[in-house]
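Here is a briefing on the structure shown below.

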Amino acid sequence: MTEPLIYDLSAPGRLGVSLPETDVPLAPLPAGLTRDVLPLPEVSEIDVVRHFVRLSQLNYGIDTGFYPLGSCTMKYNPKINEDVARLSGFAHTHPLQDPTTVQGNLALMYSVQEWLKEIGGFDGVSLQPAAGAHGELTGILILRAYHRAQGDAKRTKILIPDSAHGTNPASTAMAGMQVVELPSDSRGNIDLESLRAACDATVAGLMLTNPNTLGLFEEHLLEVARLVHECGGLVYGDGANMNALLGIVRPGDLGFDVFHFNLHKTFSTPHGGGGPGSGPVGVVSHLVEFLPGPIVEIVEAGEDDEAPLYGLVMPARSIGRVKAFHGHFGMHVRAFTYMRMQGKSGLRAIADHAVLNANYLRARLRGTYHVPFDRICMHEFVAEGKWDEAPGVRALDVSKRLMDYGFHPPTNYFPLIVHEALMIEPTETESRETLDMFVKAMEAIAREARSDPDVLHTAPHNTPFGRLDEVRAAKELVLCCRPAWLEGAKAE
Amino acid sequence: MAYIPHTDDDRRDMLAAIGVGSLDDLYQAVPAKYRFPDLDLPEAISELEAASELQALSEANLDVRHNACFLGAGAYHHFTPSVVDHILRRNEFYTAYTPYQPELSQGTLQAIFEYQSLICNLTGMEVSNASHYDGATALAEAVILALNQHRGKRHKIVLSPAVHPHYRQTVRTYMQGMDLKIVGDDDCCRGPEELLPFIDADTAMVAVQYPDFFGHIVDFHRLGEVAHAAGALLCIVVNPLALGLLRPPSDFDADVVVGEGQPLGIPLSYGGPYLGLFTTKQELVRKMAGRLVGETVDSRGQRGYVLTLTPREQHIRREKATSNICTNVALMALASAVYLSVMGRQGLRQVAELCYHKAHYAAAEIGRVPGFRLWNEAEFFNEFVMACPQPVAEINEHLLEHEIIGGYDLGAEYPQLAGHMLIAVTEMNSRDEIDDFVAALEEAAHD
């Protein structure tokens, strides 16, 4: 099934594109500043199309089948989103155009800001961050700026539960703050005693994912927020799991001061094989002036039925811009379309069915796979991929074998606090029939683990590729290919 | 309900299997006081209604398809062959997650490997990562790489004023919690020679842009030598499309090359998503931020690809990771890989030359209009600075009446350059369009 590299398809003199002749007089090229060799492939258009179509066929996406990857919210990506994002007025506007010429864009961004404020219970939103981790960095910088504005430079610690995504501690370190890890209790909540002991005048804040990465709603959330606020800290919310909360509860009401949304999880924008995402950040009133900008504001109210005039404004004490221009606008268009079509009642239905599907799978699988924190979950749950009767079988084996049954595996080995974790998030867009087929496959694999463990160890069998040698990749480290003729040219 | 397949029977049976009576019963852990807020949001609309609402919003904008555009400043209107979007719309590509399960992700993985290869070959660098958010954040990550390379013992970054203002602002945002001096960019007109005195034994990195923000093509040989003599890294921010014509930044012995990949087949899309290029010399690979795809074999002996050197990354190293980046812009990297493949060796050169010649024609023609003067004599690629006889905002207002989106008002970010317009010309601007632009400028000068 190996597909050649695009360079392998290259033949000298072959063209893939037709371009117009120059219609202006030629200017002399700058002496000594032009290159002699441009090592790009020479292929025809049909070569390119077939090559990349064949590559796409080696991939598995949501549109191929069930993709229960925990904490990633692999819900269906509506096709209208893709169409509207490509409308000429959106796709072909320049980010530095005069605001009066892009009022449609600004009106759309303004609505997304307003709706996220309402859904999250916040007073301000910036759409600038490009992804979840980028939103985290933004949020921690806001926390830092807030404390310093209070004249308090001693608050350098960020408390993070051991169940958190790796991005949380990494973002904290990038913002120049210090990570303090907190343990979880026996019910999967943050351990209150440890939190109490850690809360002091050096704490800038707490980073919390809720529902947490076990898919559980923090049972003492109000107490957690109160403890952090009492010691002068702020609470940061990682919105990776917001899909469970739409219309159910607003993070801002629960005591979160800063929060990032993942438009590519909760609001149906596609993951693109790893991005682009979009990670807007919402804040409560006393943090609005620190948001990264520019953000969209109404700069002139419209009279009667007239539309207002929108403009781009930098918040008064902004931490600054966190990227060029205004954020991933193409994702804002998609999320706008999704929210507009769902409306108020549709958002609640999303959470309801995401939570229903997760609990249904948990109820169906708990007899076969041990669920270490077994209570009503939110949008996902964590099971263990190991059995005493099947020593040697690991979560990874279960995952690879699932591929043979036509499913994408769950998230493996996360959260770190569960051994051999299988983190399962079905999302609301999957039917009961799909979930039942998945349960059947999982049950069959559990039987195979005992009767024929080798079939798991050597899985997958029915995929175009078998297990890949990661050790060899890291050892030999081949990260790029050079065209053969270039090597020849160098030798000359 | 759109996109939710459940019937009433499904809901009833599933709730029974869980052992609860209603959907509301699933939320006992949520504080009752705040449960089920009455959200002030619009009611749902159908797909048909949404399509027409979005169409109307998009038509409230002036776009570069219906108006001539001479605005660049870090985002450019280029031709994209149809092939690119057809590939991006392949469901298996755009609805996939990060390729954590390589057996089901060879399409994404090989495409990224090819992207890494194409970008390495274009820049002349040895290693490219799988992408960063955009040019600005890639530069900020390069600064972090430089600080790590010197194990936090150097505390200064020398930044050229001719690096995109948004990139410089982003670097400062990222670095506000670090003990770091960022110097060199407080005077708009400092060239590479004038940056030399800032470089010393405390300098971790020197960062410049190529072509620079004003469009100039600058030789960074000497700057690289001085930086390296002081033990500092040289980082060059590039426009990759210009590299179809210009010497690659590796010729200046750059240690890190970052840049904005948007010109490579990615629509303007009002500023994003774009593509952050991030490349280094081989020796810096373990300090690099972001994902890397490496070649290997599978259990059946087939050549295949996996994410590699992952111990640099946040999901393994947590607070000790080289960066917090997780989601990148893989689909945009795919767009640029398809673009570079279909343009190829001859096509990219041809586009770069079209941009070059058209920009030089425009500069010469505008230079003949009384009151307009080319700012200086430096070599430029497809962007140049014109001193204008009137405030740039007024000229641009006049141009809009002629359905022309004028250039960038440099006074906004460089007070010394008030009254100067940065003009970008690409292969999209026909000679007629350029002539109309010149005529409209002439008219504006008379108003």
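Strand β15 of chain B, residues 420-424, is largely enclosed by the rest of the structure, because 5 of its 5 residues are buried. Keep in mind that this is a predicted model.

- Strand β12 of chain B, residues 383-387, runs antiparallel to β15(B), and 5 bridges join the two.
- Within that part of the chain, E383(B) has A424(B) of β15(B) as its bridge partner.
- Strand β14 of chain B, residues 408-409, also pairs with β15(B). The pairing is antiparallel and runs over 2 bridges.
- D409(B) stands opposite M421(B) of β15(B).

**Chain B as a whole**

- Chain B holds 13 helices and 15 strands.
- Its C-alpha trace spans about 80 × 55 × 50 Å along the principal axes.
- Of the 447 residues in chain B, 62% are buried.
- Take the contacts in chain B between residues at least 6 apart in sequence: 72% of them join residues at least 24 apart.

**A three-stranded sheet in chain A**

- Chain A has an open sheet of 3 strands in the order β10-β12-β11, with antiparallel pairing.
- β10 (381-384) and β11 (411-412) of chain A stand at the edges. Each has a single partner strand, so one side of each is left without a neighbour in the sheet.
- β10(A) pairs with strand β12 of chain A, residues 421-424, in the antiparallel sense over 4 bridges.
- E384(A) has A421(A) in β12(A) as its bridge partner.

**Helix packing inside chain A**

- Helix α11 (residues 395-404) and helix α12 (residues 432-451) of chain A have axes that come within 10 Å and cross at roughly 125°. That angle makes α11(A) oblique to α12(A).
- The crossing of α11(A) and α12(A) is right-handed.
- V398(A), R401(A) and L402(A) in α11(A) meet A441(A), I445(A) and E448(A) in α12(A). By class, the residues of this contact are 4 nonpolar, no polar and 2 charged.

**Where the chains meet**

- The contact takes 169 residues from chain A and 168 residues from chain B. Helix α11 of chain B, residues 330-367, gives the largest share of chain B's side, with 23 residues.
- The side of chain B that touches chain A has 84 nonpolar, 55 polar and 29 charged residues.
- Which helix of chain A packs with α11(B) at an angle of about 155°? It is helix α1 of chain A, residues 45-56, and the two axes are 9 Å apart.
- Angles over 145 degrees count as roughly antiparallel, and α1(A) and α11(B) are therefore roughly antiparallel to each other.
- α1(A) passes α11(B) in a right-handed crossing. E45(A), V48(A) and F52(A) of α1(A) make the contact with V338(B), S341(B) and V342(B) of α11(B).
- The residues of the contact of α1(A) with α11(B) divide into 4 nonpolar, 1 polar and 1 charged.

Conventions
Residues numbered from 1 in each chain as written. Chains lettered and ligands numbered in written order. Predicted model: local features only at pLDDT ≥ 70, side-chain atom pairs only at ≥ 80, totals over all residues. Contact = placed C-beta atoms within 7 Å. Nonpolar A, V, L, I, M, F, W, Y, C, P; charged D, E, K, R; others polar. Buried ≥ 20, exposed ≤ 12 C-beta atoms within 10 Å, placed from the backbone. Pairing = 2+ DSSP bridges. Axes fitted to C-alpha atoms, helices over the stretch in contact; angles between N-to-C directions. Parallel < 35°, antiparallel > 145°, perpendicular 65-115°, else oblique. Left-handed = near helix turned anticlockwise from the far one by under 90°.
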